[in-house]
Amino acid sequence: MPVDHTSGTVRASGEKERPRDGGGSGGAPAGLRRNLSLWQVLGVSIGVMGPTLSANINPQGAEPAVGRAIPLAIAIATVGVLLLSYSFVRLSQHFNTSGSVFGFVGATLGARAGTVAGWCLLGTYLLFGMSSAYSAAIFSTSLIESLGLLSDPPNWLPHLIALLVLLAAAVITVFPARRGADLLLWIEGATVVLILLISAVVVYRISTAHGPQGQEFTLSVFRPAEGTGSSALFLGAVFGFLAFAGFESAATLGEEAREPRRTIPRAVIGTVLIGGVFYIVTSAVEVMGFGTRSSDLARLHASGSLYGDLGAAYLSSWVGDIVTVGTTVSALGGAIGCLIGASRMLLSLSRAATTRETVVTRVSERYGTPVGAVGVAFAVMVASVVVFGWVARVPVALPWAWIGTVGTLIVLVVYLLATVGAAGMLMRTRRVPRREMIIPAATVAVLGYTLYRNIVPYPTGAAFWLPITAGAWIAVALAAVLLSPTLVRRIGHRLTEEEGLA
């Protein structure tokens with residue numbers, strides 16, 4: 001079945017073209033509209049990845065394993081994600097769909113694998129959206145304490161802030177996607193500029209004189225200390241890899257991007273390159289800014305806001321507060337991007353699972369956005385906050401850590417399926433030289449080892465249930481495709497006949 005990737009229409013031989021991005025004229029259901037430029041798609045992808053937020057959190061996770069060599073671990077992770085991006089680039093050059101890996105894997109490995117991948121990516125976006133809201137709440141509460149507005153904020157306050165962040169994200173997401181994309185780009189851009197300015201000041205201070213506690217410019221941050229082996233480096237690289245989670249979210253806009261077969265691959269590569277350079281530079285500045293001695297690294301690990309503390313130490317206390325504000329707004333941008341991704345994934349799964357129009361498949365005729373799917377995704381995220389905040393009454397930092405871990409385990413499965421699917425497609429079509437097949441093979445090795453390091457040694461305490469929770473989410477999709485052959489046939493028909501993904 002031919003697909004017009006420029007206009008977004010699908011047609012079969014002898015059939016009339018049916019628009020997939022129409023506005024609902026003539027009583028037909030409204031569809032998604034192709035109104036996003038490369039920069040807008042890039043903005044969504046960067047917003048979901050949340051580089052400024054990750055730069056203030058992830059280096060701390062790598063420090064116990066690699067010590068001062070955090071930038072080296074980040075560099076290793078960047079290479080791994082570049083390898084992974086190859087598969088998404090090749091897939092998005094052939095297919096464009098709001099279902100992202102649901103369509104990619106379904107077209108290459110079959111409807112069963114595609115359904116599992118789509119369900120897993122939906123879970124990832126939902127979980128990372130909640131995590132972004134909790135991050136905004138954590139930084140907001142820290143700012144409230146720093147400004148002296150409340151000396152001892154109540155436990156329910158961060159959860160209330162998380163609810164308000166999700167509400168704001170839902171409202172912004174319902175408007176045309178290009179407006180949300182523009183907002184994401186501006187939010188991240190402004191915060192990145194602020195962090196880079198602080199970085200320049202830190203580098204200047206430690207290069208021309210000593211830092212506040214004798215810190216000096218040194219390239220030893222790219223060299224592991226004696227006794228730090230390669231296994232530790234790859235364990236630290238796990239946290240660098242997690243910072244890139246969501247880089248592929250541009251693929252969910254395959255039905256809304258102009259010229260998607262060119263725009264989506266460029267956005268995917270652009271997101272990885274921008275994020276990689278940013279993470280390597282900022283992590284190097286953070287380690288040198290805090291210092292490379294054991295006591296300095298201990299302060300880095302305990303910091304509540306890495307660049308907030310650097311801004312306060314090297315410039316002024318109010319600079320640290322501005323960084324905290326910027327990081328909070330960046331977390332809001334991450335929540336918006338995840339809600340956009342979750343709603344598009346939910347829409348695509350629902351369209352494939354049923355031939356009837358439902359609340360989930362409803363698209364706004366006015367805005368061309370999937371308002372039904374946005375509402376469902378928003379409700380799921382809100383339910384999580386209510387359960388943790390007012391039923392279980394746990395401190396906000398705990399669900400933030402739990403949700404991030406479960407989401408990471410699930411997304412690694414998604415990436416593995418997408419890589420295997422891309423490798424299979426390339427082998428069958430023979431559109432690339434055989435030597436390029438080493439890239440998917442290397443990607444599988446990196447992803448497999450990353451997954452292994454997340455579950456071995458197996459976590460204890462409350463974290464014992466995190467891999468089980470991730471497995472349960474995956475098991476739901478596996479049970480659905482194994483126990484309902486009718487559903488699988490319907491999804492396969494939708495992918496090959498209606499979506500044109502063959």
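This is a predicted model: local features need pLDDT of at least 70, side-chain atom pairs count only at pLDDT 80 or more; totals for chains, interfaces and linings use all residues.
Helix H15 spans residues 397–429 and helix H17 spans residues 465–483; the two pack at an angle of about 45°, and their axes lie 9 Å apart. That angle makes H15 oblique to H17. The crossing of H15 past H17 is right-handed. On the H15 side, the contact is made by Trp-402, Thr-405, Val-406, Leu-409, Ile-410 and Val-413, which meet Leu-466, Pro-467, Thr-469, Ala-470, Trp-473 and Ile-474 of H17. Sorted by class, the contact of H15 with H17 holds ten nonpolar residues and two polar ones, with no charged residues.

We can now turn to H1 and H13. Helix H1 covers residues 38–49 and helix H13 covers residues 317–353, and these helices pack at an angle of about 115° with 7 Å between their axes. Angles of 65 to 115 degrees count as roughly perpendicular, and H1 and H13 are therefore roughly perpendicular to each other. Here the crossing, of H1 past H13, is left-handed. From H1, Val-44, Gly-47 and Val-48 take part in the contact, meeting Gly-333, Gly-334, Gly-337, Cys-338 and Ile-340 of H13. The class make-up of the contact of H1 with H13 is four nonpolar and four polar residues, and no charged residues.

Note on methods: Residues are numbered from 1 along each chain as its sequence is written. Side-chain values use heavy atoms; hydrogens and water are left out. Axes are lines fitted to C-alpha atoms, for helices over the stretch in contact, and angles run from 0 to 180 degrees between N-to-C directions. Helices (H or I, at least four residues) and strands (E, at least two) are DSSP runs, numbered from the N terminus. Angles under 35 degrees count as roughly parallel, over 145 as roughly antiparallel, 65 to 115 as roughly perpendicular and the rest as oblique. A crossing is left-handed if the near helix is turned anticlockwise from the far one by less than a right angle, and right-handed if clockwise. Contact means heavy atoms within 4.5 Å. Ala, Val, Leu, Ile, Met, Phe, Trp, Tyr, Cys and Pro count as nonpolar, Asp, Glu, Lys and Arg as charged, and the others, Gly among them, as polar.
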